[in-house]
Each structure stands twice: as C-alpha cells, then as structure tokens.
Amino acid sequence: MMKQSLQANLSLLTEEQLPEIIALQEKVVAVLEKPEFLQPLTEEDYLYILKGNGLIAGAYVDDKLIAFRAMLDPGKDDEHLGIDAGLPTEELTSVLYSEITGVDPAFRGNGLQTILGKWLMEHVDTERYRYICTTVAPLNIPSLKDKFALGLQVAALKVKYGNKLRYILFKDLEASVQTEAKQEQRLLMSDTEKQRQVLADGWIGQRIEKRDADWYVVYVK
C-alpha cells in the first residue's frame, strides 16, 4: 500500500493530460533495467484510448502526475488476446486490455501499480466490458504479482509481438471467485514447454511461488 507520507489523488485522465502521460512514460523508459519487459505506447495509442476506447487512471501528488495505468479497447486486433484466452468470437468486443503502467522512479515502492489497477477495475463500464486480458513476460515477477493481485489468471503462454514469449492473463469480471482447485501442480517458470502442455490440457495458472532461488507457477484444474 501507499506509504503513510504519500497522499495521492486518483482520477481518470483526459486528452488534456496527454503531454504529462508522454513525459512520464519517457522518464520511466529512460531508467528501465529490462526494456524488453515493457511495450511503450505511442502518442496515437494514448489518444485512441482517451477518445473513448478505454481508460487511463492517474495518480497525482501536489498536482504532479506520478503514475498512470491504461486499459485499452483493442477493437479488431489481429492478435486478439481474447482468442488466446479461449473466448468465442462473439465475446471479443467485451474485452479490455490491461496495458502499460508508468510509475515515477521516485515514487516506486508504494504499490501504485496495483492500487491504480484495482481503482480502474472499479471504473470499468461492465455494461460494455466483461473481460480483462493482458500479457506479461515470464520472469517479470513484479508485473506477474500485480496481475495475480488483481485476480487475473494465466490462460496461455505464447509468442506475441513478433518474437516475444508472453503469458496471456485473463479475468472475467462477472466471476465472483477464482477457479476452484481440485488438482494443483507447481511448474518451474523457466520450463515453458511443460507449462504450454498443461495449459493446452485446460489447467489455469493461479499464482506464483518462490522456492530457494527458483520461481514456480501454480497451476490448478
């Protein structure tokens, strides 16, 4: 949660805040230790969202944007994550993508990514959208922890964006509880082939655990 000394105001952003969003994204990208984990959005992407095709939440301290998080209506995406997650074609228009999050490096450690994620989930128009989908790179532990904290689960592990291996995570906003585990198994996150096999057999990735120096994904069925 936010440190006691940090009082941030959360709000939905508009086109007027676009320059602030772009400036913060540039600041975040400039200090990335692993740039391959982040897929920055273009100014056109942000405008598309801000013109009614998704939501962008922002956190302000002293009138300064210190974090933002975006959700995007993908429209007719050729690589639609809803298809990867197993949704029928007629449900694809009900999908929002959980997109980029940017947190000012000076304000990291306050849980702002997850705080903004939960806040956004509460502001999704559930008359229009039912599903949240996103991608995360294997071993991007902070991002995976965030997605699981928001109730998303691993539905697939595929090559996306040309040649990047990504978990496809998914949440049904109408589902009151996660998949009830009748069976459970832990697989090394680095063992991508075995994970693909169990996902193809209908298992769902529900959480991650660290044992000694290794990270595991807990799959349930």
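This is a predicted model: local features need pLDDT of at least 70, side-chain atom pairs count only at pLDDT 80 or more; totals for chains, interfaces and linings use all residues.
Me: Why is the pair formed by Tyr 46 and Phe 68 called edge-to-face?

Reply: The ring centres of Tyr 46 and Phe 68 lie 6.0 Å apart and their planes stand at 85°; since rings pair if their centres lie within 6.5 Å and planes over 60 degrees apart count as edge-to-face, the pair is edge-to-face. Tyr 46 sits in helix H2 and Phe 68 in strand S3, 22 residues apart, so that the pair links distant parts of the chain, and both residues are buried.

Me: What makes the pair of Tyr 131 and Phe 170 stacked?

Reply: Here the centres are 5.5 Å apart and the planes are at 25°, and because planes under 30 degrees apart count as stacked, the pair of Tyr 131 and Phe 170 is stacked. This pair also links distant parts of the chain, with Tyr 131 in strand S5 and Phe 170 in strand S7, 39 residues apart; both Tyr 131 and Phe 170 are buried. The count of aromatic pairs by this rule comes to 2.

Me: How do you know that the buried residues of H2 are on the same side of the helix?

Reply: The buried residues of H2 are Tyr 46, Ile 49 and Leu 50, and they cover an arc of only 95° around the axis, which puts them on the same side of H2. An α-helix has 3.6 residues a turn, so residues three or four places apart point the same way. Among the elements that cover these buried residues are helix H1, strand S2, strand S3 and S4, while Gly 52, which follows H2, has a positive phi, near 110°.

Me: Which residues of H5 are called buried, and what follows H5?

Reply: Buried means under 20% relative accessible area, and the buried residues of H5 are Ile 141, Ser 143, Leu 144, Asp 146, Lys 147 and Phe 148. H5 is followed by Gly 151, whose phi is positive, near 90°.

Me: What makes up the lining of the largest pocket?

Reply: The largest pocket has a volume of about 1300 Å³, and of the 45 residues that line it, Phe 37, Leu 38, Thr 101, Gln 113 and Asn 140 are the closest to its centre. The lining divides into 20 nonpolar, 13 polar and 12 charged residues. Helix H2, strand S4, helix H4, strand S5 and helix H5 each supply at least two residues of this lining, and the largest share, 7 residues, comes from S4.

Notes:
Residues are numbered from 1 along each chain as its sequence is written. Side-chain values use heavy atoms; hydrogens and water are left out. On a 1 Å grid over the protein atoms alone, a cavity is a set of points where a 1.4 Å probe fits but cannot get out, and a pocket is an open set with protein on both sides within 12 Å along at least five of seven lines; lining residues have an atom within 4 Å of a point. Grid points are joined across faces, edges and corners, and a volume is the space filled by probe spheres set on the points. Helices (H or I, at least four residues) and strands (E, at least two) are DSSP runs, numbered from the N terminus. Ala, Val, Leu, Ile, Met, Phe, Trp, Tyr, Cys and Pro count as nonpolar, Asp, Glu, Lys and Arg as charged, and the others, Gly among them, as polar. Buried means under 20% relative accessible area, exposed over 50%, partly exposed in between (1.4 Å probe, protein chains only). The arc is that of the directions from the helix axis to the C-beta atoms. Contact means heavy atoms within 4.5 Å.
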